[in-house]
Amino acid sequence: MKVDRRSFLSFVIGGAAGTALSPLPWKLMDDSSIWSQMWPWTPVPPDGEVVYEDSTCSLCPGGCGITVRKIDNRAVKIEGKPGHPVNDGGICILGLSGLQMLYGPTRIKAPMKRMGERGAGKWQKISWDEALGMLTEKLTAIREREEAHTVAAIAGSDQGTVPALLARFMAAFGSPNFIRTPSYQDTDELAVGTLFGEAGRTGFDLENADYILSFGSGIADGWGSPVRMIKACSLWKEKRVPVVQVDPRLSNSAAKATRWVPITPGTEADLALGIAAVMIAKNLVGSGAVSGLGGIKNTLLTDYAPEKVSLSTGVSVEAIVEIAKDFARANRPLALCGRGKAQSPESLRETAAVYLLNGLTGNVNQEGGMWAIAPADYIQWPEVARDKAASAGLRQPRFDGAGSGQYANARHLLQRLPDGLNGNGPYPIQVLMVADANPCHSLHDAAAFKAALDKIPFIVSFSSFNDETAAMADLLLPDHVYLERYADVPVAAGLPSQTIGLSKPVVSPQFNTRHLGETLINLAQAVGGSVAESFPWKNYETCLQETLADKWDVLMQKGVWVDDDFATAGSSLQMAALDTPAVEIEGDAGTFPLLLMPYDSIRISSGYIGDTPFMIKTVADTVIKGKDGFVEINPQTAGEMGLSEGDLATLTTPRGEAPVRVHLFEGIKPGVIAMAKGLGHTAYDGFLADKGINVNELIGPVEDPSSGLDAAWGIRAKLAKA
Amino acid sequence: MKHEQKHNPPMKYGMAIDLDKCTGCGACMVACMSENNVPFKKDESNKLDSITWIRVYKLTNGKSFPDTEICYLPRPCQHCEGHGGHSPCVSVCPATATDYSQETGIVSQIYTRCFGCRYCMAACPYHARYFNWWDPVWPDGMEKSLSPNVSPRMRGVVEKCSFCFHRYQQAKNKAYLDGERRVPEEAYQTACTQACPAGAIVFGDLNNPTHKVHQIVKPDPHNGNKSKNPRAFRLLERLGTNTKVYYLSSREWVRRAGDNYLEHEKTGQVSKPHH
Ligand code: SF4
Ligand code: SF4
Ligand code: SF4
């Protein structure tokens with residue numbers, strides 16, 4: 001589309017004329033003497049001693065090393081730490097603006113209890129003693145009634161000591177309901193378990209690969225450890241490593257790739273299997289890494305012949321064959337999956353197909369290849385003590401059904417909560433605790449999730465920020481932010497190593513907040529009995545130091561601990577069958593002729609952490625303008641619907657309706673429309689709230705039939721001129 | 001170096017930004033805002049009054065699906081040298097609030113002198129200058145993150161990228177204390193260069209053959225400082241603004257986007273694209 005280029009050009013040559021013709025300079029000349037007398041209004045930042053303190057960023061799963069510049073006790077700048085094994089001095093836009101979270105208006109500054117209606121935003125500050133007392137009282141009463149299982153916790157992660165303490169609290173208390181928010185990690189764990197037969201995750205030796213085939217992974221859009229990925233992109237450019245990006249939309253990753261393969265969305269698995277079929281047909285398979293190939297060979301050759309795959313994917317036969325040959329002939333080719341920032345689970349079929357490609361190269365657990373890595377095992381705590389109440393609670397099934405029956409393969413199924421709460425669950429939930437997660441915004445059909453919270457009488461949030469889920473709580477027990485506390489930061493995020501970073505308090509806590517680890521230890525001790533027994537630590541710092549044992553000194557000194565000689569989770573893929581079903585898209589094509597896909601932008605934080613004022617400032621005026629959010633559409637499709645640039649339209653999906661503005665973009669497949677994730681906040685602060693649409697409210701969960709994970713990648717939609 | 005000259009030859013700080021590497025991540029923009037106390041408002045979607053010393057533009061090749069290509073172009077102040085330091089903006093400023101330094105090649109902006117006539121903004125062909133329509137307001141507590149090295153600007157003045165000049169001053173002081181005659185290359189780097197995860201920005205002294213930026217750009221003093229690198233170009237090079245920010249791209253259409261070329265005209269210095 002010429003729009004962008006033209007505006008840049010006209011900007012360049014027309015800018016001068018435009019400004020000179022505007023009447024404003026003359027008006028301003030008038031006022032100039034007044035203007036120049038207004039200086040005392042601007043702050044004069046006090047000077048002082050300059051110190052730099054190293055820490056680890058934990059705003060995303062990336063785990064970058066940071067150096068914080070301080071003037072006396074004020075942190076004034078965050079920079080990337082040179083020489084750090086993850087980011088070597090580079091840093092992302094989110095990591096750079098961490099101080100706006102630390103000092104920003106969006107912090108929850110003290111423990112608070114709800115005063116008015118739930119969600120009305122009326123709070124009363126209370127003391128930590130009172131706050132913990134309130135929660136202890138509720139929890140103890142529930143435990144006495146032997147209903148410990150009716151307490152649930154939602155956590156943003158299960159890695160590291162802080163989430164582990166929450167999981168341990170649940171186990172000691174007697175509830176099976178520790179629920180992790182969904183992400184590609186769910187699918188990856190499932191795929192490694194299924195294909196390698198052992199628990200673990202994948203890691204990718206991107207720096208040593210010589211051919212990259214990405215199935216929608218946002219390698220320049222925040223996938224994995226974002227700074228490492230962008231560094232890898234530059235390295236590939238320098239080494240002339242071919243990068244093929246399969247993507248229905250010209251994402252930044254596709255723009256950086258050597259070849260962009262626009263695909264019919266949802267058919268990525270077909271393409272991967274088609275490429276595998278060509279490799280097998282042409283005898284281009286590396287030896288050893290896949291067992292059971294004999295059993296699936298015929299299905300592959302017949303059902304995934306290039307001609308068939310071309311029909312479903314929209315990718316030409318020549319392209320399929322060429323990519324398959326190049327991929328197979330490269331020395332160290334690597335295939336990636338997990339769309340965008342890999343913040344959503346994906347279908348097992350797609351993931352298994354892409355991992356099969358890595359297996360076929362013979363590069364599993366080899367330099368430049370895909371690694372299967374055993375889970376980090378540095379947290380070695382004694383078994384929890386279990387009294388009668390705990391044992392009774394733990395005998396109950398999980399509320400989300402994960403781990404049994406139809407959902408035997410899944411560990412966490414947060415998207416099933418609303419249905420359970422609305423009457424189809426095994427029991428009611430009496431208390432919900434939420435840590436480092438904002439499901440009221442980040443879950444598919446966020447509105448339904450929020451509505452279902454009505455059924456939970458008591459909600460506790462440990463959030464540091466005023467997010468949408470904290471807004472629905474009854475009690476706020478705010479955590480420190482990462483710059484105020486110690487924490488281990490284990491980094492998975494596709495790294496082919498076991499890496500642990502250390503977050504250190506760079507500044508003292510700014511408000512009356514408390515470390516979540518500390519809160520949990522306090523809480524366990526207050527509940528008493530066998531729960532207290534399971535939390536023998538004096539405080540969180542002792543717990544962390546004991547847990548890290550011999551790693552503690554290394555971490556205090558270097559800030560990071562890396563083990564390249566880690567245990568693997570199996571060495572070869574076992575392919576049993578290819579009958580894992582595809583994930584269907586919601587909505588019928590008759591009523592909803594378009595496909596709506598959310599997309600990730602590295603400039604828009606879309607998880608528990610919201611965009612900072614600096615970040616939202618970098619978002620283009622074709623993504624948000626004032627309060628309006630935009631939907632991207634191919635000009636051809638827009639033309640058919642009588643829509644032009646900037647038009648107001650109504651976007652409707654089976655899950656909801658929203659007013660949007662239209663942005664024409666040539667780099668999107670006709671018939672597909674896309675919206676940025678992470679916008680449309682109602683909470684946080686005036687810098688983030690009320691801008692654009694939360695695309696998660698327009699998309700519903702779609703369960704992968706093979707696991708129950710919510711693998712929705714879009715939804716059918718229609719657009720009508722408003 | 002043994003055979004040092006008696007007087008330091010003037011420096012000419014400049015940049016080479018590799019557009020093949022830039023991913024449009026925006027880290028340079030935020031690194032700059034955070035380093036230089038750039039203010040922010042509740043609504044920044046009106047890009048005409050949104051202050052971003054370095055702004056990343058999205059260019060497209062104008063072709064339709066699936067031949068569309070995009071490229072990001074970060075645009076700091078180009079620190080135009082013009083002829084002998086007559087930058088377009090410097091020449092028009094009635095208050096001498098902006099100046100071309102012959103020592104460093106940096107175009108400065110002195111806020112206390114600026115009275116807001118905005119001639120410089122009209123003169124700058126790159127829209128690198130921004131006017132403060134309001135006094136900056138930091139939400140309660142957030143002024144703690146302000147750096148004392150850069151004074152916050154007030155309503156009614158123009159501001160722009162300074163190549164993080166305060167970092168130069170600090171590096172120069174340190175060099176004197178350390179008994180060094182020149183500021184070492186790594187001792188003075190701009191905030192955007194330092195942050196860029198792609199390593200797309202290279203900053204240094206264009207006059208100094210040991211600096212990476214010189215080696216990449218290879219400026220030709222006999223040809224208006226044009227780069228001898230076939231991938232390099234400058235924005236509106238033919239205007240004679242003699243900018244010190246060079247861009248690199250292996251794509252012809254990107255190089256064309258940097259200037260007003262006629263449809264069939266070839267970009268001046270370019271031989272063959274690389275890929
Ligand atoms: S990539 Fe992630 S860990 Fe690294 S600086 Fe950015 S937010 Fe922090
Ligand atoms: S930080 Fe680097 S990669 Fe990111 S937009 Fe700026 S120049 Fe481009
Ligand atoms: S880019 Fe604009 S502001 Fe910067 S020196 Fe050139 S004319 Fe002046």
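Okay, let's start with a pairing in chain A: strand 19 and strand 20, which covers residues 560-563, run antiparallel and are joined by four bridges. If you want one pair to look for, take A:I500, whose bridge partner in strand 20 of chain A is A:W561. Keep in mind that this is a predicted model.

Now the other neighbour. Strand 18 of chain A, residues 487-491, is also antiparallel to strand 19 of chain A, and here five bridges join the two. A pair to find on this side is A:D488, with A:L502 as its bridge partner in strand 19. Strands 18 and 19 of chain A make a hairpin, with six residues between them. In that turn you'll find A:A493, which has a positive phi of about 40°.

So, how many of the six residues of strand 19 of chain A are buried? Six of the six, for residues 498-503, so the strand is largely enclosed by the rest of the structure. By buried I mean under 20% relative accessible area. You can check this face by face: A:Q498, A:I500 and A:L502 are buried on one side, and A:T499, A:G501 and A:S503 are buried on the other.

Next, helix 22 of chain A, residues 551-558. Its buried residues are A:K551, A:W552 and A:L555. Looking down the axis of helix 22, those buried residues fall within an arc of 100°, so they line one face of the helix. What covers them? The cover includes our strand 19, along with strand 20 and helix 21 (540-548) of chain A. On the other side of helix 22 of chain A, you get exposed residues: A:D553, A:Q557 and A:K558.

Let's move on to the ligands. The residues around ligand 1 come from chain A, and they include A:C57, A:C60, A:C64 and A:C92, as well as A:P226 and A:V227. Two elements of chain A give two or more residues to this shell: helix 3 (93-96) and helix 8 (226-239). Which classes make up the shell around ligand 1? Nine residues are nonpolar, three are polar, and none is charged.

For ligand 2, switch to chain B. There are 13 residues around this ligand, and the ones that come nearest are B:C22, B:C25, B:G26, B:C28 and B:C196. By class, the shell around ligand 2 has ten nonpolar residues, three polar ones and no charged ones.

That's my tour, thanks!

Note on methods
Residues are numbered from 1 along each chain as its sequence is written. Chains are lettered from A and ligands numbered from 1 in the order in which they are written. This is a predicted model: local features need pLDDT of at least 70, side-chain atom pairs count only at pLDDT 80 or more; totals for chains, interfaces and linings use all residues. Side-chain values use heavy atoms; hydrogens and water are left out. Buried means under 20% relative accessible area, exposed over 50%, partly exposed in between (1.4 Å probe, protein chains only). Two strands pair if DSSP finds at least two bridges between them. A residue is near a molecule or strand if one of its heavy atoms lies within 4 Å of it. Ala, Val, Leu, Ile, Met, Phe, Trp, Tyr, Cys and Pro count as nonpolar, Asp, Glu, Lys and Arg as charged, and the others, Gly among them, as polar. The arc is that of the directions from the helix axis to the C-beta atoms. Contact means heavy atoms within 4.5 Å.
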